[in-house]
Amino acid sequence: MQWIEVSIVCERVATDEVTTLFDDYADNGIIEEDVENQPNLIKLTMYADPSLDSNTIKSDLENRLTEANISVTSVDTNILDESTWLNSWQQYIEPTEILPNLIIKPAWQEYDNVDNKTIIEIDSDISFGTGSHETTRTCAELLKSYSESMDLNQVTCLDIGTGTGILLLVAAHLGIKHLVGIDIEEYAANQARINCENNHVSAEIICGNLDSDFNGTAQLILANLTVDPLKILLPQIGKKLEDKGILIISGIIDDRHDEIMPYIEANWHIIEERIAGPWHTFALEKR
């Protein structure tokens with residue numbers, strides 16, 4: 001398998017603007033590095049979905065930068081083989097305190113647990129779902145907030161697009177007993193199974209489609225995705241969420257916020273919206 005490395009060198013003062021423009025390509029987050037002997041410049045690197053075309057990504061980013069009137073030093077794309085890609089991103093992933101006293105630790109990193117915090121260990125050959133992204137943290141925060149009023153022995157928590165299974169593991173830490181994860185990608189479903197097993201968490205992991213392959217319902221549903229799949233899935237999710245249940249969605253970047261709102265407002269009541277960086281996370285209930 002090959003992966004696409006995308007790097008932009010820009011003025012340090014433009015970091016937030018540039019990050020917002022290409023954050024929707026970067027499910028795994030964006031790496032910031034100093035440029036040697038150039039203190040006013042910064043290098044931003046992310047690893048894009050390997051199913052995309054590198055020339056298309058580069059052209060799209062250059063057009064976005066032009067439209068936003070942002071000048072950058074360079075926009076570069078490289079095709080990396082899997083081993084090079086793994087070495088490239090894993091060195092930047094550090095243990096993260098996703099909730100108070102709950103640490104997400106990459107399996108390849110050391111962590112000195114002097115404060116005796118709870119540790120969830122994530123082993124991954126995919127770069128998303130390691131706990132460092134804003135959307136994962138805000139989903140975890142809302143999951144904690146809304147699960148506190150539920151009967152955790154009776155609740156079913158369904159995680160759509162489960163990836164590494166990180167949010168299922170957070171749900172297990174919070175005391176939720178019945179956990180289901182679904183992902184259309186077999187490699188992601190397998191990764192979630194491995195991480196649940198390694199953390200001694202019992203969860204049903206389904207590789208398939210929500211509409212046809214999950215036949216149950218849930219009181220608590222998570223969908224940390226992006227705008228395009230959310231537009232398709234929101235009507236399906238409504239059929240799977242029990243009355244008075246809570247849906248938590250994320251992966252909605254600033255410049256696509258208005259695009260998703262009609263799909264939310266059609267059938268959902270917004271209980272809460274949280275913003276972290278350029279990302280929006282919603283807690284919803286059915287109308």
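**Salt bridges and a buried threonine**

Glu259 has a relative accessibility of 31% and therefore counts as partly exposed. In this classification, a residue is buried under 20% relative accessible area, exposed over 50%, and partly exposed in between (1.4 Å probe, protein chains only). The model is predicted, so local features need a pLDDT of at least 70 and side-chain atom pairs count only at pLDDT 80 or more, while totals for chains, interfaces and linings use all residues. Residues are numbered from 1 along each chain as its sequence is written, and side-chain values use heavy atoms, with hydrogens and water left out.

What is the partner of Glu259 in a salt bridge? Glu259 pairs with Lys231, and their closest N and O atoms are 2.8 Å apart. Lys231 belongs to helix 8 (residues 227-240) and Glu259 to helix 9 (residues 257-267), so this pair ties together parts that are 28 residues apart in sequence. Helices (H or I, at least four residues) and strands (E, at least two) are DSSP runs, numbered from the N terminus. A salt bridge requires a side-chain nitrogen of Lys or Arg within 4 Å of a carboxyl oxygen of Asp or Glu. Side chains of opposite charge can pair when their charged atoms come close. Lys231 and Glu259 also belong to a network of salt bridges that includes Asp228 and Arg256.

The structure holds 12 salt bridges. One of them joins the side chains of Glu141 and Arg274 at 3.3 Å, N to O. Because Glu141 lies in helix 4 (residues 134-147) and Arg274 in strand 13 (residues 268-276), the pair ties together parts that are 133 residues apart in sequence. Glu141 is partly exposed, with a relative accessible area of 32%; Arg274, at 24% relative accessibility, is also partly exposed.

Asp243 and Lys286 form a further salt bridge through their side chains (3.6 Å, N to O). This pair links distant parts of the chain, with Asp243 in strand 12 (residues 241-253) and Lys286 in strand 14 (residues 279-286), 43 residues apart. Asp243 has a relative accessible area of 66% and is therefore exposed, whereas Lys286, at 29%, counts as partly exposed.

Is Thr156 buried or exposed? Its relative accessibility is 9%, so Thr156 counts as buried. Thr156 lies in strand 8 (residues 156-160). Its side chain makes a polar contact of 2.7 Å with the side chain of His178. A polar contact is a pair of N or O atoms within 3.5 Å; within protein, one must be able to donate a hydrogen and the other to accept it, and residues adjacent in sequence count only if both atoms are side-chain atoms. Apart from neighbours within four places in sequence, the residues in contact with Thr156 include His178, Val180 and Leu220, where contact means heavy atoms within 4.5 Å.
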